[in-house]
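Thanks for taking a look at this one with me.

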Amino acid sequence: MSLSDDSGVPGGFRTVELMMWASRRLPPWAVDALLGAGVTLVVSLVISANQGGRHGPDAVAYLWAVGLGALMFARRRYPVVVLAVTALGLFAYYAAGYPAVGLGVPVAAALFSAAEFGRLAHAVVTGVVVVVVSVFFRLVEGQDFSFVVNYELAGHILLMAAAITLGDSVRSRRSVQEGARRIAELTAQRYRQEADARVHADRLAIARDLHDSIGHTTSVISLHADVAREALGRDEAQTRAALDLIKSTATRTMAELRRTVALLRSPDENSRSVVSLSNVGMLRETASAAGIDLDLDLRIGVGLPATVDASAFRIVQEAVTNIVRHSRGGGARVTAYDDGTALHLRVADDGPGRAGDERGEDGDIGRGHGITGMRERAEALGGTLTAGYEESGFVVRAVLPLEQPS
C-alpha cells in the first residue's frame, strides 16, 4: 500500500477555503451539498491524473470519490462516523492499488466537519493516525526517507491542520454568535419587562389620580345634595344652585372617568386624557412661575395614537421640568410636528452651555434618570431620543413612530 500525495495540495487548500465560505453564507443543506460536490470533484480530478498506483483508475475508483462526497450529508449528525469511514476508506483505496490522491485532500472535509461540530480531539487523532500509517507503509515499501518525511510530510500536516483549525474556528464563531444572540434576546426581554413595569406604574398613577378625583367630586356632590335637601321648599335659588353644581360636577367626573377607562382598555386607540400634547399648554404656568418664557409651536394632526400622544406629553413634561429646575436661561421652546409617519419633538432652552449647566454627561440631572427615562419612553415605542448641548442651550430631540409594532 502506497499512501502518497504526488499532487493536489493546492486543490486541497481551495477546498478548505470553499468550505469556510459556504459555512458563512449558505443554509445547512446547501453547505453539505456543496461540500459533497467539492470533495467528489477534487478527488475525481486527482484520480484522473493517474499518478502512481499499481493500475489506472476505473469505475470503482470514481465511485469511491462519489462515496466520500456522499458522506458529507451525514456529517452533522455523525461527524465521528464520517471521519472514521473516510480514513478507513482511504486506507482501502490505497490497498487496492489505485492512483495516489494524497492524504489531506480526501480527509480534509471530514476533519473540517469533525472540528466544526465539536469533535476536535477525534479530528486530531485521526489526522495523526492517517499520517503515521501513511509514512510507515511508504517507508516499509522502500520509498526514500528524505522524500517521504522531509519533502511531503509538511504539506500533508499543513493541509490537515488547516482543515481542523478552520472547522474549529467556524464552531467558535458560531458559539460566539449564538451567545450574542442569546444576550440580545435577554436584553430585549428585560427591556420589555421594564416597559411593562413602566406601563403598570403609569396605570397605577392614573388609578390614584382617578381615585382622588372621584373621591373629591363625590364628596362635593354629597355635600351639595345635603344643601339642596335642606333648602328644598325654603330657598328655591339655593336649591337650584346646589343642583346645578351637582350636575356640572357629575358631568365633569363622568367625562374624566370615560377618558381614563378608554385609555386603560384600549391604549392603542385614539382615547384621549389629560396626558396629551393638546394639553401641553398647562406647562406654561409651571415654567412661568420659574421665570421661564415657554414658547409652543405645535403642528400636529388629529388622532395621534394614545400611547404616542401620552409618551410625547411625558417627554415634553420631563424636558420642561429639567429646564425649570436647572436652566439658567430665560426662555424655552417646544416644537412638535408629525410628518405622517412619525411625531418629531424638540425641546430647547436658551441657557448657557456646559460650563453653566448642572446636567451630567448625557443631560441627566445629578444622579437622576431624567434623560434615561425619556429615552426609554421613546425606545419603547420604537423611536429614538437624543439630548445634548448645541450652539445655545440644551436640546432634547425625539422621534416617535405613529404606527406601533404589533
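1. How many helices and strands does the protein have? There are 11 helices and 5 strands, where helices (H or I, at least four residues) and strands (E, at least two) are DSSP runs numbered from the N terminus. Please keep in mind that this is a predicted model, in which local features need pLDDT of at least 70 and side-chain atom pairs count only at pLDDT 80 or more, while totals for chains, interfaces and linings use all residues. Residues are numbered from 1 along each chain as its sequence is written, and side-chain values use heavy atoms, with hydrogens and water left out.

2. Some overall numbers to begin with. The protein has 406 residues, and 39% of them count as buried; buried means under 20% relative accessible area, exposed over 50%, and partly exposed in between (1.4 Å probe, protein chains only). Among contacts (heavy atoms within 4.5 Å) with a separation of 6 or more, 70% are between residues 24 or more positions apart.

3. Now to the interior. A nonpolar core here is a set of buried Ala, Val, Leu, Ile, Met, Phe, Trp, Tyr and Cys residues joined through side-chain atoms within 4.5 Å. The largest one has 45 residues, of which Val43, Ile47, Trp64, Leu90, Tyr93, Val101 and Leu111 touch the most other members. At least two residues of this core come from each of α2 (28-48), α3 (59-70), α4 (79-95), α5 (104-116), α6 (120-140) and α7 (145-231). The top contributor is α5, with 9 residues. Another core lies apart from this one; it has 34 residues, including Ala287, Ala310, Ala319 and Met374.

4. Pro99 is worth a look. Pro99 sits in the loop between α4 and α5 and is buried, at a relative accessible area of 0%. Leaving aside neighbours within four places in sequence, Pro99 is in contact with Ile47, Asn50, Gln51, Gly52, Gly53, His55, Gly56, Pro57, Tyr93 and Tyr94. Gly52 is 47 residues from Pro99 in sequence, yet their C-alpha atoms are 4.9 Å apart.

5. Is Trp29 buried or exposed? Trp29, in helix α2, is exposed, with a relative accessible area of 65%.

6. Strand β5 (residues 394-401) pairs with β4 in the antiparallel sense over 6 bridges, and Gly388 stands opposite Val395 in β5.

7. Finally, the charged pairs. The structure holds 16 salt bridges, each a side-chain nitrogen of Lys or Arg within 4 Å of a carboxyl oxygen of Asp or Glu. In the bridge between Arg181 and Glu178, the closest N and O atoms are 2.3 Å apart; please check this pair in the model. Arg181 and Glu178 are 3 residues apart in helix α7, so about one helical turn separates them. Arg181 is partly exposed at 38%, and Glu178 is partly exposed at 40%.

8. Two further bridges complete the list I would inspect. Arg397 and Glu390 have their closest N and O atoms 3.1 Å apart, while Glu230 and Arg234 meet at 4.0 Å, N to O. Glu230 is partly exposed at 48%, whereas Arg234 is exposed at 66%.

Terms used:
Two strands pair if DSSP finds at least two bridges between them.
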